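Please read the numbered points beside the sequence and the model.

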Amino acid sequence: MMLGSTPGWPAVLADGPVVLRPYRRGDAQAWSEVRVANEAWLSPWESAPPGPWADMNSPRAYLYVYRDMKRAARRGDSMPFAVCLRSGGEERLVGHINLGSIVRRAFGSAYVGYWVDSRVAGRGVIPTALALAVDHAFGAGGLHRVEINIRPENVPSRRVVEKLGFREEAYHPRYMHIDGAWRDHLGYAMTSEEVAGEGGLLARWRRLRTTAN
C-alpha cells in the first residue's frame with residue numbers, strides 16, 4: 001500500500017505474520033523494551049552516542065528518534081519501518097529496517113540498515129522484512145540499487161544478505177566508528193535487474209525457504 005506524494009512512503013508491507021509499517025509515537029514503550037532487552041545483542045554492531053544504553057534507548061529517547069525518522073521520511077531521505085510480528089490480531093514490535101540515504105534521479109539508490117530482537121532471531125523475520133523492503137524500494141519506491149554494509153565479524157547479519165543473494169562487492173577499511181573504534185565493513189549490493197526475472201526478492205526468498213524445508 002502506498003500513500004502520499006513521496007515515492008513509496010508511507011507504506012505498510014506484509015508477508016504472513018511479518019509486518020513492516022511506519023513508526024508511531026505510541027511505539028515508545030515497546031521500542032524501548034526491545035532495545036533495552038537486547039543491549040548485549042545489538043550494542044557491538046551499532047554506532048551510538050556516548051552514554052548508558054538504557055538512557056539512549058528509553059521511551060523518552062524514542063521520541064527524539066521518532067522525530068528524526070519522521071523528518072527524514074518527509075524529506076524523502078529514508079523509509080523507516082518498524083518490523084512487527086502479527087499473531088491473534090495483535091502486532092508486536094520486534095525489529096527495525098530502514099531504507100536510508102536515498103538518492104534519486106540518475107543514482108536511484110539507498111542504504112539498508114536493520115536489527116531484530118534476539119528472541120525471534122533465526123525464524124526468518126529479518127530475511128522476510130529485508131525482502132519486503134527491497135521489493136518495495138524497487139517497485140513503489142522507484143529505486144534501482146540497494147546497498148548494505150556489515151562488519152565482517154557480524155556473521156548472523158552477513159548470513160541474512162548472503163542467503164538472499166546480495167553481492168559482496170567491496171571491503172571498506174575503518175568505515176564507521178562503532179563500539180569504541182573505527183571498524184571495517186563489507187559492502188553488499190543488489191540492483192533491480194538481479195531479481196526482476198524471479199518475480200522479486202520475496203519470491204526468491206519463498207523459494208529458498210521451500211527448498212530448505
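1. Helices (H or I, at least four residues) and strands (E, at least two) are DSSP runs, numbered from the N terminus, and two strands pair if DSSP finds at least two bridges between them.

2. The model is a predicted one, in which local features need pLDDT of at least 70 and side-chain atom pairs count only at pLDDT 80 or more, while totals for chains, interfaces and linings use all residues. Residues are numbered from 1 along each chain as its sequence is written, and side-chain values use heavy atoms, with hydrogens and water left out.

3. On its other pairing, β2 meets strand β1 (residues 13-15) in the antiparallel sense over 3 bridges, with Ala14 opposite Val19. The hairpin of β1 and β2 has 2 residues between the strands, and Gly16 takes a positive phi near 60° there. Strand β2 (residues 18-22) is mostly covered, since 4 of its 5 residues are buried; buried means under 20% relative accessible area, exposed over 50%, and partly exposed in between, with a 1.4 Å probe and protein chains only.

4. The open sheet has 8 strands in the order β1-β2-β3-β4-β5-β6-β8-β7, and its pairing is mixed. Its edge strands, β1 and β7 (167-178), each pair on one side only. From one strand to the next the twist averages 30°. Strand β6 (residues 145-150) and β8 run antiparallel and are joined by 6 bridges; Ile148 stands opposite Tyr188 in β8.

5. Helix α6 lies across β5 (109-116), β6, β7 and β8, and runs at about 15° to β8. Axes are lines fitted to C-alpha atoms, for helices over the stretch in contact, and angles run from 0 to 180 degrees between N-to-C directions.

6. The largest nonpolar core has 44 residues, and those touching the most other members are Leu20, Phe81, Ile97, Tyr114, Leu130, Val146 and Phe166. Helix α5 gives the largest share of this core, 10 residues. Apart from it lies another core of 14 residues, including Tyr23, Tyr62, Tyr66 and Trp115. Such a core is a set of buried Ala, Val, Leu, Ile, Met, Phe, Trp, Tyr and Cys residues joined through side-chain atoms within 4.5 Å.

7. Which residues does Phe166 contact, leaving aside its neighbours within four places in sequence? They are Leu130, Val134, Val146, Ile148, Val161, Tyr188, Ala189, Met190 and Leu201, where contact means heavy atoms within 4.5 Å.

8. Rings of Phe, Tyr and Trp (its six-membered ring) pair if their centres lie within 6.5 Å; planes under 30 degrees apart count as stacked, over 60 as edge-to-face and the rest as tilted. By this rule the count comes to 4 aromatic pairs. The rings of Trp31 and Tyr62 have centres 5.3 Å apart and planes at 50°, so the pair is tilted. Trp31 lies in helix α1 (residues 28-37) and Tyr62 in helix α4 (residues 59-75), so this pair ties together parts 31 residues apart in sequence. Trp31 is buried, with a relative accessible area of 6%, and Tyr62 is buried at 0%. Tyr62 and Tyr66 form a stacked pair, 5.8 Å centre to centre with 25° between the planes. Ring pairs link Tyr23, Trp31, Tyr62 and Tyr66 into a cluster.
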